[in-house]
Amino acid sequence: MDLRIFTEPQQGADYDTLLKVAKATEDLGFDAFFRSDHYLKMGSADGLPGPTDAWITLAGLARETKRIRLGTLMTAGTFRLPGVLAIQVAQVDQMSGGRIELGLGAGWFEQEHKAYGIPFPAERIARLEEQLAIVTGLWGTETGQTFDYTGAYYRIEDSPALPKPAQARVPVLIGGHGAKRTPALAARYADEFNMPFASVADSERQFGRVRAAVEEAGRKPEELVYSNALVVCVGKDEAEVARRAAAIGREVDELKANGLAGSPAEVVEKIGTYAELGSSRIYLQVLDLDDLDHLELISSQVLSQLG
């Protein structure tokens, strides 16, 4: 079971804070550092000092880390034109020496689009399908050849399809709860399917849909990595769990029901229930980015037990 650190910087974090967390992620033996792609805070957080851009952040971290994988859950398709995104991700992959992964989603938070003058179109899933075709098509075009694409929303003409990523294939992550279109997109384009903030039962149901779609598309279900994203709140005792829950404005019972919360033993046991249904990777949503002792505890008492 891989454990990855997943952050939500729109809630309030500058680059230096993210760098500290990324370096701790690397030093403590976690597999990867991922971040969300949002420009507006959610809920009661103040969001100060303001948003950071996902791919600018990852470009910086690409040069300041050496081992960990880096990526997004999920890049909003509404924020970037697909050709520009292909260039950005390829460049950051080169800057990292081939450690980048691209989670790409349709975009959903309408208010952040209004707040920064970003169009929020209808038919975002249909646009996402074209974006995936273009990004992967540009990367997959042989050097010296050109790439063309004509869709309902995007048109590419005589593109040199450059630059290329450092990796022969940048892993593409697709995720979500959609019952039909999401599994179909994953079957066609994904290297990993991620189920965000879902119960064991809902994850098992959605993984089954994805596996069926993958088989229907002529691929083997085991070609994909199946993963979950879950909020994490671990403490060496009940008082520490309660303190960490209060720091992120959540209740312990709710966190235990909907995430990974409690003692290290409790969290290891719950991770095991996700592993039993085929999840091999957990993105730990860390909401208090100043609490690096939390990461150290997870590393020494949870990660160490998972092998």
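A residue is termed buried when its relative accessible area is under 20%, exposed when over 50% and partly exposed in between (1.4 Å probe, protein chains only). The model is predicted, so local features need pLDDT of at least 70 and side-chain atom pairs count only at pLDDT 80 or more, whereas totals for chains, interfaces and linings use all residues. Residues are numbered from 1 along each chain as its sequence is written, and side-chain values use heavy atoms, with hydrogens and water left out.

A pair of aromatic rings is described by the distance of the centres and the angle of the planes. Rings of Phe, Tyr and Trp (its six-membered ring) are taken to pair if their centres lie within 6.5 Å, and planes under 30 degrees apart are classed as stacked, over 60 as edge-to-face and the rest as tilted. By this criterion, the structure holds six aromatic pairs. In one of these, the rings of F34 and Y283 have centres 5.0 Å apart and planes at 70°, so the pair is edge-to-face. Secondary structure elements are DSSP runs numbered from the N terminus, with helices (H or I) of at least four residues and strands (E) of at least two. Because F34 lies in strand β2 (residues 32–35) and Y283 in strand β12 (residues 281–286), this pair ties together parts that are 249 residues apart in sequence. Both F34 and Y283 are buried. For W108 and F109, the ring centres are 5.2 Å apart and the planes stand at 25°, so the pair is stacked. W108 counts as exposed, at 56% relative accessibility, whereas F109 is buried, with a relative accessible area of 15%. One aromatic cluster is formed by Y39, F79 and Y116.

Y226 takes part in an arrangement of a charge and a ring. A charge is said to sit over a ring if NZ of Lys or CZ of Arg is within 6 Å of the ring centre and within 35 degrees of the ring normal. The charged end of R211 sits over the ring of Y226, at 4.4 Å from the ring centre. Y226 belongs to strand β10 (residues 225–234) and is buried, with a relative accessible area of 4%. Contact is defined as heavy atoms within 4.5 Å. When neighbours within four places in sequence are left aside, the residues in contact with Y226 are F193, F207, V210, R211, V214, P221, G278, S279, S280 and R281. Between Y226 and L48, the C-alpha to C-alpha distance is 34 Å, and the two are 178 residues apart in sequence.

Grid points are joined across faces, edges and corners, and a volume is the space filled by probe spheres set on the points. The count comes to one cavity of 30 Å³ or more. The largest cavity holds about 70 Å³ of space, and its lining consists of V232, R244, A247, I248, V286, L287, D288, D291 and H294. For composition, Ala, Val, Leu, Ile, Met, Phe, Trp, Tyr, Cys and Pro count as nonpolar, Asp, Glu, Lys and Arg as charged, and the others, Gly among them, as polar. The lining of the largest cavity comprises five nonpolar, one polar and three charged residues. H294 is found in helix α11 (residues 292–306) and is buried, with a relative accessible area of 5%. Apart from neighbours within four places in sequence, H294 is in contact with V232, C233, V234 and R244.

The second largest pocket has a volume of about 160 Å³. Its lining residues are T136, W139, G140, K164, P165, Q167, A168, R169, V170 and V172. Helix α5 (residues 124–140) supplies the largest share of this lining, three residues. The lining of the second largest pocket divides into five nonpolar, three polar and two charged residues.

Backbone geometry was also examined. L48 and P49 are joined by a cis peptide bond with omega of about 10°, and P49 is placed in the loop between β2 and α2 (54–64). A cis peptide bond also joins L73 and M74, with omega of about -20°; M74 is in the loop between β3 (69–72) and β4 (75–76). D158, although not a glycine, has a positive phi of about 50°. D158 lies in strand β7 (residues 155–159) and is exposed, with a relative accessible area of 53%.

Note on methods: On a 1 Å grid over the protein atoms alone, a cavity is a set of points where a 1.4 Å probe fits but cannot get out, and a pocket is an open set with protein on both sides within 12 Å along at least five of seven lines; lining residues have an atom within 4 Å of a point.
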